[in-house]
Amino acid sequence: MLIIGPCSADREDSVLEYMNRLAKTAEEVKDKLIIIPRVYTNKPRTKGTGYKGLLHNPDPEAPDDLLEGVKAIRHMHLRVIEETGFFTADEMLYPSNYQYLVDLLSYVAVGARSVENQEHRLVSSGISVPVGMKNPTAGSTTVMLNSIYAAQAHQSFIFRNWEVECDGNPLAHAVMRGYMASTAAPTPITTTSTWSVWPSATPSMPATPTRQRSSTATMTTRANVRWSSIAFARRCSTAAAATSPSPSWSRAL
């Protein structure tokens, strides 16, 4: 499987031109490779300032407009699907925005600046497509592996005012990136050379994450939610959850 395409994708015309060319290549190599187009629409900023990508600035000459940014991102992904037959990959910089693309994406990445964040790890445990965890900017493979472990484990947490419970994502995996060696004179280390130190960097972990179950009494007083690729989350009224073990569900808008 090959995930390839532009990072910080913010020009729909250029992205579509690239993807239509890539679709022809994908047809030529389909007996050897599965190609997933990378349309990474977010621009992580180390210092939190500067250009943040299509979400914040759908018009680079105008002020921030997040609503129009969400529309522009979804429109671009939809055009790639409609015109090429590809289902796309994007980076999950903002976990709360994943619901706007849940029905379109075939792959999700968690970037180097987000991989140690608790919310990214927990949300990844409920995504029904593969999630690639990068090692962080400092290069730690231990941080990356801990993130994979968390995403594969059973998790319960609050998301957009819903209490959700996820069984874990068995498709969470590593995405190796370069990093700086911890020496007096830092030396860039590439992905290829990183594999030579992998065994010594791998933390000791149980083979299978342990799932902790709640008691029946607890389950009758709270909404117990599971995610799917169709419905990212469902809402339950507090009154129904407190009085019935099987609360009535309604689609979350």
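1. The structure holds 1 cavity of 30 Å³ or more, where a cavity is a set of points on a 1 Å grid over the protein atoms alone at which a 1.4 Å probe fits but cannot get out. This is a predicted model, in which local features need pLDDT of at least 70 and side-chain atom pairs count only at pLDDT 80 or more, while totals for chains, interfaces and linings use all residues. Residues are numbered from 1 along each chain as its sequence is written, and side-chain values use heavy atoms, with hydrogens and water left out.

2. The volume of the largest cavity is about 180 Å³, a volume being the space filled by probe spheres set on the grid points, which are joined across faces, edges and corners. Its lining consists of 17 residues, and those nearest its centre are Asn 42, Asp 90, Asn 97, Tyr 98 and Leu 101; a lining residue has an atom within 4 Å of a point. Two or more lining residues come from each of α2 (66–84) and β3 (89–91), and α2 gives the largest share, 3 residues. Helices (H or I, at least four residues) and strands (E, at least two) are DSSP runs numbered from the N terminus.

3. Which classes of residue make up this lining? There are 11 nonpolar, 3 polar and 3 charged residues, where Ala, Val, Leu, Ile, Met, Phe, Trp, Tyr, Cys and Pro count as nonpolar, Asp, Glu, Lys and Arg as charged, and the others, Gly among them, as polar.

4. The protein chain has 8 helices and 12 strands, and 40% of its 253 residues are buried (under 20% relative accessible area with a 1.4 Å probe, protein chains only; exposed is over 50%, and partly exposed lies in between).

5. Strand β7 (residues 162–166) is largely enclosed by the rest of the structure, because 4 of its 5 residues are buried. Strand β6 (residues 155–159) runs antiparallel to β7 and is joined to it by 5 bridges, strands being paired if DSSP finds at least two bridges between them. Across this pairing, Ser 156 stands opposite Glu 165 in β7.

6. Most residues other than glycine have a negative phi. Arg 160, however, takes a positive phi near 50 degrees, and Asn 161, also not a glycine, has a positive phi of about 70 degrees. Arg 160 counts as partly exposed, at 35% relative accessibility, whereas Asn 161 is exposed, with a relative accessible area of 77%.

Methods
1 Å grid on protein atoms, 1.4 Å probe; cavity = no way out; pocket = protein on both sides within 12 Å on 5 of 7 lines; lining within 4 Å.
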